Amino acid sequence: MTGPLLSLTWTDHVTGRHGYLVVDRLVRGVSSGGLRMRAGCTLDEVAGLARGMTMKEALHYDPRSRYVPLGGAKGGIDCDPRDPAAYGLLVRYLRAVRPYVECFWTTGEDLGLTQDLVDRAAAEAGLVSSVQAVYPLLDDESAARRRLADAFAVEVDGIGLDALVGGCGVAESVLTALDRAGVPYAGTRVAVQGFGTMGGATARFLARAGLTVVAVADVEGTIADPAGLDVEALLAARDAFGTVDRSALRPGDRKLPCEAWLSADAEVLVPAAVSYAVDSGNQHRITARWIAEAANMPVVPEAEETLTSRGVTVLPDVVVNSGTNAWWWWTLFGDIGADADEALAHTRRAMRTLTDRMLARAEADATTPRAAAHALAEERLPVIAERFGWYR
């Protein structure tokens, strides 16, 4: 793929910290991609995420759907979200990039930020909505906005639907891979790195499908039990940043170092936190058969090459964690309503179909799932451009 359409670096006049925006592609003049906040965030990181968003959008293209894929984009702010100065920095960043959000960049929560926080900061920055650039593409803007607001108000067992659909998609990708390999859910063990929105929901759906979650890692370390953790209890004991209150652990739960999740005795690893979590220096610790990338870019290319040679299958982020973004647009464009059962059923069908298509393509081409996903996206991009135009 060629370089991005737009790449910019912003310097905050108060703190001197940097923020970034990369628009990889525009489709019908609009792009889609979340805004992350983490210490050490870089322009190269944001550019890679924006390219991934272009592929995620293309992979969910269905000419029968009302949802028309957008281009790919991403924003990033180099700051620890726990820093007391983080919120003010977020507001100033959104004020600085306001013209882009108003015209062609739709954004939302990503690593380090919740949608509530993004919405509050966007309002303070003078924006109508963080996704207002897509409004001109809607048949009935008021109905669409009401439908999305209603969907964000839906809760399932005390957790917002918006916080569940992404993990539902990750879980369905894992289950599809197990089904294709003929591996039963019962007895299959899982380790999850990151217990925030994506990691927590993934653990919940996999546990409810019958898999055993044996390790969960957050910023304070890894919690492990080879017989299986009480996922629901851990979810109830986490804070807004996905950190579990250790006082809620059972006597048999072990407290291990942060990186212990890598070497967990499990068939499936789910990195659901930061990018670049698995690299050439630590990949040798992995004994799992599958890695499902719930985070964006958690496995570096060199590590993936070595893992593949060792028989480890990496299920790539461009497919695995694409459910949240797709759910936003399925809801806003009107393919689904503000109903949990409908949303989760639609997510399961779409993610199973996409994952199965990717794995079948990988087998047919004798290549990796990532290469197969990229090939599928590259085939769809010209089709989308032919139908809707492709502004560069």
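**A sheet and its helices**

Val192 stands opposite Val270 in β14. Keep in mind that this is a predicted model. The strands here are β10, residues 189-193, and β14, residues 268-271, and they pair in the parallel sense over four bridges. As a reminder, strands of a sheet pair through backbone hydrogen bonds, either parallel or antiparallel.

Now the whole sheet. It is open, has seven strands and mixed pairing, and its order is β13-β12-β11-β10-β14-β15-β16. Which are the edge strands? They are β13, residues 254-256, and β16, and each of them pairs on one side only. On average, neighbouring strands of this sheet are turned by 20° against each other, direction ignored.

Next, the helices on the sheet. Helix α6, residues 165-181, packs on it and touches β14, β15 and β16. The direction of α6 makes about 155° with that of β15. Helix α7, residues 197-208, lies across β10, β11 and β14, and runs at about 170° to β10.

Last, helix α9, residues 301-309. Which of its residues are buried? Ala303, Glu304 and Leu307 are. They cover an arc of only 100° around the axis, so they sit on the same side of α9. After α9 comes Gly311, with a positive phi near 90°.

That is all I have.

How values were computed. Residues are numbered from 1 along each chain as its sequence is written. This is a predicted model: local features need pLDDT of at least 70, side-chain atom pairs count only at pLDDT 80 or more; totals for chains, interfaces and linings use all residues. Side-chain values use heavy atoms; hydrogens and water are left out. Buried means under 20% relative accessible area, exposed over 50%, partly exposed in between (1.4 Å probe, protein chains only). Helices (H or I, at least four residues) and strands (E, at least two) are DSSP runs, numbered from the N terminus. The arc is that of the directions from the helix axis to the C-beta atoms. Two strands pair if DSSP finds at least two bridges between them. Axes are lines fitted to C-alpha atoms, for helices over the stretch in contact, and angles run from 0 to 180 degrees between N-to-C directions. Contact means heavy atoms within 4.5 Å.
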